[in-house]
Amino acid sequence: MPKYHVPVVRDLPPAGTPRRRVVFVTNQNSGTIDYMGTMQVFHEASFFAKDSGRPDLGYDVEVVSRGTGAIFERKGLTISADASYSHLRGDVDTLIFHAPDDEDACLRDPRFIAWVGRMATRVRRVVSVCTGSFVLAEAGVLDGRRATTHWAAAADFQRRYPDVDLEPDAIYVKDGHVYTAGGSTSGMDLAIALVEEDLGTDCARRVAQGLVMFLRRPGTQTQFSVQVWLDASDTSDLGEMDRYIFEHLDGDLRIEALAEQFGM
């Protein structure tokens, strides 16, 4: 096994800071990266804290589901949850919700949705990843709040939950103690931000380095890069102009120069 050199994390919180209990609430057919990627961020933070002489810091992570058994199945890989949300006991620091199941069964389960609403008032932080925002919105947790969701589900979200101030382009949004992330990998960005809140910037930096991620993407950064927005099939004058501008960002892009370039 390769031998890793792990830098010591400095400026960790003082002695007496508690470990934090993080509970993921998932559903059948949730994407693995929704929970595995975000879970790994908290695992890395605990690892760096322990390796820096502070095993008292970090996170205790659990996974519960609306039902027990397989929550993910693909050829050669099955992931199971062995605990139901209804059996969750004790104090929880951060509660993280994943996408609804394929048929939205969890959104039509009144006991589950009522439990979500109650728990949202009892935890220090409540979080959704990707379309997990639908679960929070169905429980009324997002009413009157700013939030985001996956861009592809934004129109459906706005139709269902008009009382939510949706920001469909944001990577993640914080409104009070409620956090929503736009997609699977942006859930990891949000998790790093939560680590920074809890354990400081240096620990968050080490986690990002360990996972070979950006140190910090701003929550207001669009879910798309410029390259993704550009449509290669658009052969109109404006489509050509978009590509020209992107390829000549260090050039003369005044209106007059563009008009001359495109004969307009």
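**Reading the model**

Modeller: Contact here means heavy atoms within 4.5 Å. Before we go on, this is a predicted model, where local features need pLDDT of at least 70 and side-chain atom pairs count only at pLDDT 80 or more, while totals for chains, interfaces and linings use all residues. Residues are numbered from 1 along each chain as its sequence is written, and side-chain values use heavy atoms, with hydrogens and water left out.

Biologist: Where is Leu 190, and is Leu 190 buried or exposed?

Modeller: Leu 190 sits in helix 5. Helices (H or I, at least four residues) and strands (E, at least two) are DSSP runs, numbered from the N terminus. Buried means under 20% relative accessible area, exposed over 50%, and partly exposed in between, using a 1.4 Å probe and protein chains only. Leu 190 has 2% relative accessibility, so Leu 190 counts as buried. From Leu 190 to Thr 180 is 10 residues in sequence and 8.2 Å in space, C-alpha to C-alpha.

Biologist: How many helices and strands does the chain have, and what percentage of the residues is buried?

Modeller: There are 9 helices and 10 strands. Of the 264 residues in the chain, 46% are buried. If you take contacts between residues at least 6 apart in sequence, 64% of them join residues at least 24 apart.

Biologist: How do I read a nonpolar core?

Modeller: In soluble globular proteins, nonpolar side chains tend to be buried together. A nonpolar core is a set of buried Ala, Val, Leu, Ile, Met, Phe, Trp, Tyr and Cys residues joined through side-chain atoms within 4.5 Å. In this model the largest one has 37 residues, and Phe 42, Val 195 and Leu 199 have the most contacts inside it. Several elements supply at least two residues each to this core, among them strand 1 (20-26), helix 1 (32-51) and helix 5 (184-199). Helix 5 gives the largest share, 8 residues.

Biologist: What does Phe 42 touch?

Modeller: Not counting residues up to four places away in sequence, Phe 42 touches Val 22, Phe 24, Tyr 59, Val 61, Ile 96, Ala 191, Leu 194 and Val 195. A second, separate core has 32 residues, including Val 64, Cys 106, Phe 134 and Val 135.

Biologist: And how do I describe two aromatic rings?

Modeller: A pair of aromatic rings is described by the distance of the centres and the angle of the planes. Rings of Phe, Tyr and Trp (its six-membered ring) pair if their centres lie within 6.5 Å; planes under 30 degrees apart count as stacked, over 60 as edge-to-face, and the rest as tilted. The whole structure holds 11 aromatic pairs. One of them is Phe 134 with Tyr 161, an edge-to-face pair at 5.9 Å centre to centre and 80° between the planes. Phe 134 is in helix 3 (residues 133-138), while Tyr 161 is in the loop between helix 4 (154-160) and strand 8 (165-166), 27 residues apart. Both Phe 134 and Tyr 161 are buried.

Biologist: Why is the pair of Tyr 244 and Phe 262 edge-to-face?

Modeller: The ring centres of Tyr 244 and Phe 262 are 5.6 Å apart with planes at 90°, so the pair is edge-to-face. Tyr 244 belongs to helix 8 (residues 237-247) and Phe 262 to helix 9 (residues 255-262), so the pair ties together parts 18 residues apart in sequence. Phe 262 has 22% relative accessibility, so Phe 262 counts as partly exposed.

Biologist: Last one: how do I read a strand?

Modeller: In a regular strand the side chains alternate between the two faces of the sheet. Take strand 10: Val 178 and Thr 180 on one side and Tyr 179 and Ala 181 on the other are all buried, and both faces are covered. Two strands pair if DSSP finds at least two bridges between them. Strand 6 and strand 10 run parallel, joined by 4 bridges, and Val 126 has Val 178 in strand 10 as its bridge partner. Strand 9 (residues 172-175) pairs with strand 10 in the antiparallel sense, over 4 bridges. In the hairpin of strand 9 and strand 10, with 2 residues between the strands, Gly 176 takes a positive phi near 65°.
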